Amino acid sequence: MAATELRGVVGPGPAAIAAPGGGGAGPPVLGGGGGRGDTGPGSGAAPGTVATAAAGGPGAGAGGVAAAGPAPAPPAGGSGSSGAGGSGSAREGWLFKWTNYIKGYQRRWFVLSNGLLSYYRSKAEMRHTCRGTINLATANITVEDSCNFIISNGGAQTYHLKASSEVERQRWVTALELAKAKAVKMLAESDESGDEESVSQTDKTELQNTLRTLSSKVEDLSTCNDLIAKHGTALQRSLSELESLKLPAESNEKIKQVNERATLFRITSNAMINACRDFLMLAQTHSKKWQKSLQYERDQRIRLEETLEQLAKQHNHLERAFRGATVLPANTPGSTGSGKDQCCSGKGDMSDEDDENEFFDAPEIITMPENLGHKRTGSNISGASSDISLDEQYKHQLEETKKEKRTRIPYKPNYSLNLWSIMKNCIGKELSKIPMPVNFNEPLSMLQRLTEDLEYHELLDRAAKCENSLEQLCYVAAFTVSSYSTTVFRTSKPFNPLLGETFELDRLEENGYRSLCEQVSHHPPAAAHHAESKNGWTLRQEIKITSKFRGKYLSIMPLGTIHCIFHATGHHYTWKKVTTTVHNIIVGKLWIDQSGEIDIVNHKTGDKCNLKFVPYSYFSRDVARKVTGEVTDPSGKVHFALLGTWDEKMDCFKVHPAMGDNGGDRQRGHEAEESRVMLWKRNPLPKNAENMYYFSELALTLNAWEGGTAPTDSRLRPDQRLMENGRWDEANAEKQRLEEKQRLSRKKREAEAMKATEDGTPYDPYKALWFERKKDPVTKELTHIYRGEYWECKEKQDWTSCPDIF
């Protein structure tokens, strides 16, 4: 009896706290879509009907008017047989389900259980993947014709179903109506007994009642203890009186044993009462803590449910927007016009059939427009350099350049940040205009990141010494690939440079080259870069960043041409960069892939190299991040084959013509291992690189302070310096100040331009300080080309022409 009372006090059993609607068996219901296969539109109009706009938000089907037309015929060979299933199912079997206007009705396995109707692609799929679930308690069942019927829960989900025969359809409708009636009854009973919300509201009262009941029971035990003590004392007194009587020796021994047992009984009962009293005091002490913990867990669960629902809706919305955008380009397979696609979206369950589509997951919405694939650069700490010709060395700076370079930066703080809270406000906006906190950044600017292309400058040094133009082209190709070598780890975005910001890298004494970058445009963001080496080469480029946010992943497309000129031979090479894709933007661990083709052209000889960056595929057996290439002469004959990965190394193979052949076929270089030459291999990362943003040894030195640089140099940027030192809150405040200052400068220029237009006076638009915009003589493109004078101004320390941007 005591145990029964105690169970009644502790609280309801598992059955009492089940969610309304009853039943723990059966698939779960999630938002507006259910299982994995139906995360797309959950509702749609039947063929030939008009769909009204659903109020279910993004999770609902495409409201509006669906194009009317005849429904496609069911696929041949589809049996609609069904029967009572096992596992306690009310009914299960095959039905035809409408998917879209392209695929029409598709055969699916449906299971009716515990008031829920779920479907799968096959019976075997029941064990692991539910494609969708609808709760019959809130659903309407409508019969269309002899074999068709519709199940809808008011717009968020609608299933258009077809049975194999009228008899089969009637069996299903009868079973569904019975299941619906039962579900409605269970829901009403659950509401009467109190739903989950009411449980939440009465938690405190229930806990207090429990404590009062426990206290009452302890008082009862205390009363019993007093009675036991009273009667025990009387019992011991009686036993003592018996011992004083003249009884046989055997009787006295028995009375003594009874007396001892009575004493033990009283001691045990006292201990039990004390333990009960201690338990009550402990329960009272911890009752508030239990209540807070319970409330915290409930709030966490509610927040998670709301976040999950929001993510699901946003995911569906983004995926639908993505599909609507990608059917328009001419190069999209199967695109037949926007009208067709509207028809397809008018019916539900498009994603039910999309398993063959590639699934991308993801840099950060954050690693977006700035997250190029190049992340390496040679850099060290040197003093202010004098302006001397490239053939001379800075002898008076020799001591300073021999200073030890820094090998570490402050470790990245472990800041937690809700990515979705920022991402959800970015939907539909231009990514390059979205202000991002420094929490997503690395302590380098885009200009410094662009300079990292020169990390493997020795490849160009070797290329400059090659007498054979085709061999030289192999080294240029390896240099091109090497610029992507750190992107496999560098998922943080660099700082967006301010307009007029510069970055110099003076390594003339140490490595024979020096480099200058300048931000020449803010919208669209564009940076000009010029590097020259006393070893006989010049590299220049202007890179503009465009990006496309696909919801699941982010594509970053650098636009602009890279030029490499060798002084001794006059060979002039040009190429463009490939697309960088950042996966798992919303959920999962960020990872980066490079994909596309690069054509490197020697404009003097006509030699070409075609590099193919193979995109990652889960189903491919090839090595990940694979790069292949061919070096051809002007006639198209292949002389060298290139093979490697963009994150590790590149090898070169000489291609020999096959014996007895007329030149049509050839023996590939990789079939002749003796001709293999390793062109490039990635440098190992420094120790604890994972704590330092995965910087290379040279990247660690890029933001090290140097004297004598221009006042616009990235090393002097205050928010970037604060962020590197781990003072992220101050860095965010400083970043906002700099961005506001830049906005005011832009508005001032716009006002001056408008006034000049009204007055009819000439107005010069913004011009870069160290670069001049002109037509490139080789590519005929308008681009920014270095006009000189930077290093002369540095020697004189004359920075009067530099704007105040920090």
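## Aromatic pairs

W98 and Y105 are both buried, where buried means under 20% relative accessible area, exposed over 50% and partly exposed in between, with a 1.4 Å probe and protein chains only. The model is predicted: local features need pLDDT of at least 70, side-chain atom pairs count only at pLDDT 80 or more, and totals for chains, interfaces and linings use all residues. Residues are numbered from 1 along each chain as its sequence is written, and side-chain values use heavy atoms, with hydrogens and water left out.

Rings of Phe, Tyr and Trp (its six-membered ring) pair if their centres lie within 6.5 Å; planes under 30 degrees apart count as stacked, over 60 as edge-to-face and the rest as tilted. The count by this rule is 16 aromatic pairs. The ring centres of W98 and Y105 are 5.3 Å apart and the planes stand at 75°, so this pair is edge-to-face. Y513 and W537 make a tilted pair, with 6.3 Å from centre to centre and 35° between the planes. This pair links distant parts of the chain, 24 residues apart: Y513 lies in strand β12 (residues 513–521) and W537 in strand β14 (residues 537–549). Y513 is buried at a relative accessible area of 0%, and W537 is buried with a value of 0%. One aromatic cluster is formed by W770, Y790, W791 and W799.

## Helices α10 and α11

The axes of α10 (residues 458–465) and α11 (residues 469–482) come within 8 Å and cross at roughly 170°. Axes are lines fitted to C-alpha atoms, for helices over the stretch in contact, and angles run from 0 to 180 degrees between N-to-C directions. The two helices α10 and α11 are therefore roughly antiparallel, a term for angles over 145 degrees.

On the α10 side, the contact (heavy atoms within 4.5 Å) is made by L459, L460, R462, A463 and A464, and on the α11 side by Q472, Y475, V476, A478, F479 and S482. By class, eight of the contact residues are nonpolar, two polar and one charged. Ala, Val, Leu, Ile, Met, Phe, Trp, Tyr, Cys and Pro count as nonpolar, Asp, Glu, Lys and Arg as charged, and the others, Gly among them, as polar.

## Surroundings of α10

Within α10, the residues L459, L460, D461, A463 and A464 are buried. The buried residues of α10 pack against α11 and against strands β13 (526–533), β14, β16 (562–566) and β26 (677–681).

## Whole chain

The chain has 14 helices and 28 strands, taken as DSSP runs numbered from the N terminus (helices H or I, at least four residues; strands E, at least two). Of its 806 residues, 46% count as buried.

Key
Angles under 35 degrees count as roughly parallel, over 145 as roughly antiparallel, 65 to 115 as roughly perpendicular and the rest as oblique.
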